[in-house]
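I opened the model and kept notes on what I looked up. The entries follow in the order I made them.

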Amino acid sequence: MSVVQAAGIAASGRSGRGGDVSVGTGRPRSTSRADLERTGFELFARQGFDDTTVGDIAAAAGIGRRTFFRYFASKNDLVWGDFEQQLVGLRALLQATEPDVPTMDAVREAVVAFNRFDPADVPWHRQRMELILTVPALQAEAGVRYISWRAVITDFVAVRSHLSPEDLLPRLAGNVSLAAAVTAYEHWLADDRRSLPRLIDDAFHLLADGVVPDERPGAGAAD
């Protein structure tokens, strides 16, 4: 899990254009990460992720490959955006929670807030998450990113519970929170009429309710 920013689970790419200078071809030279992200996403939409190269993105942005690598380590890195910095924001949301809010309620509220986007940014974020959740090369890399996302939740729950992050409860909280967020994102990508924050909120409530209620006759009744 946005875990994703993004995320939600992935970074949102919310900043605008700026700092361009002319180059010999007359095209603008992009000097921001957001510019390069949007250029890359436009090419991915037209050509497909696998058929778009770093050289294609650099040329479309009016820069050289070496300049591209000053902003992103790879084409994959461009899709994830400023992921680690976004996680700083998630930690801040959790730490700002009032102490009397139950721990998993605090996690749910923070993850929901973390995945609220300006309407103008939603199409870009949807494209980002479609790539992350469907492109094999990005799926293979997602595990490393998810470790960082889970750690934010695990650390918070460990502090609240006076436990070590290595203990069962905090680890479980991190894993089920990631699962809830990813599942909500999958549902959102399948139906663009749904609200992403609402889906995440619903997913966490289902966790709190035990996911699947016990429907056996007499289940829950006193012996």
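Which residues lie nearest the centre of the largest pocket? I found Ala180, Thr183, Asp202, Ala203 and Leu206 there, among 12 lining residues. I note that this is a predicted model.

**Pocket**

I looked up which elements give two or more residues to this lining, and they are helix 9 (168–190) and helix 10 (196–208). Helix 9 gives the largest share, with 6 residues. For the volume of the largest pocket I have about 190 Å³. I then sorted the lining by residue class and got 9 nonpolar, 2 polar and 1 charged.

**Glu37**

Next I turned to Glu37, which I placed in helix 1 (residues 33–47). Is Glu37 buried or exposed? Its relative accessible area is 5%, and buried means under 20%, so I list Glu37 as buried. I also looked for a partner to its side chain and found Arg128, joined to Glu37 by a polar contact of 2.7 Å between the side chains.

**Aromatic pairs**

How many aromatic pairs does a search of the whole structure find? I noted 8.

I checked the accessibility of both residues. Phe68 has a relative accessible area of 0% and is buried.

**Charges over rings**

Lys75 lies over the face of Phe49, and I have 4.2 Å to the ring centre. I wrote down Arg126 as well: its charged end sits over the ring of Trp188, at 4.1 Å from the ring's centre.

**His162**

My last entry is on the backbone. Most residues other than glycine have a negative phi. What is phi of His162? I have a value near 60 degrees, which is positive in a residue other than glycine. I located His162 in the loop between helix 8 (136–161) and helix 9. The relative accessibility of His162 is 74%, and exposed means over 50%, so I marked His162 as exposed.

Note on methods. Residues are numbered from 1 along each chain as its sequence is written. This is a predicted model: local features need pLDDT of at least 70, side-chain atom pairs count only at pLDDT 80 or more; totals for chains, interfaces and linings use all residues. Side-chain values use heavy atoms; hydrogens and water are left out. On a 1 Å grid over the protein atoms alone, a cavity is a set of points where a 1.4 Å probe fits but cannot get out, and a pocket is an open set with protein on both sides within 12 Å along at least five of seven lines; lining residues have an atom within 4 Å of a point. Grid points are joined across faces, edges and corners, and a volume is the space filled by probe spheres set on the points. Helices (H or I, at least four residues) and strands (E, at least two) are DSSP runs, numbered from the N terminus. Ala, Val, Leu, Ile, Met, Phe, Trp, Tyr, Cys and Pro count as nonpolar, Asp, Glu, Lys and Arg as charged, and the others, Gly among them, as polar. Buried means under 20% relative accessible area, exposed over 50%, partly exposed in between (1.4 Å probe, protein chains only). A polar contact is a pair of N or O atoms within 3.5 Å; within protein, one must be able to donate a hydrogen and the other to accept it, and residues adjacent in sequence count only if both atoms are side-chain atoms. Rings of Phe, Tyr and Trp (its six-membered ring) pair if their centres lie within 6.5 Å; planes under 30 degrees apart count as stacked, over 60 as edge-to-face and the rest as tilted. A charge sits over a ring if NZ of Lys or CZ of Arg is within 6 Å of the ring centre and within 35 degrees of the ring normal.
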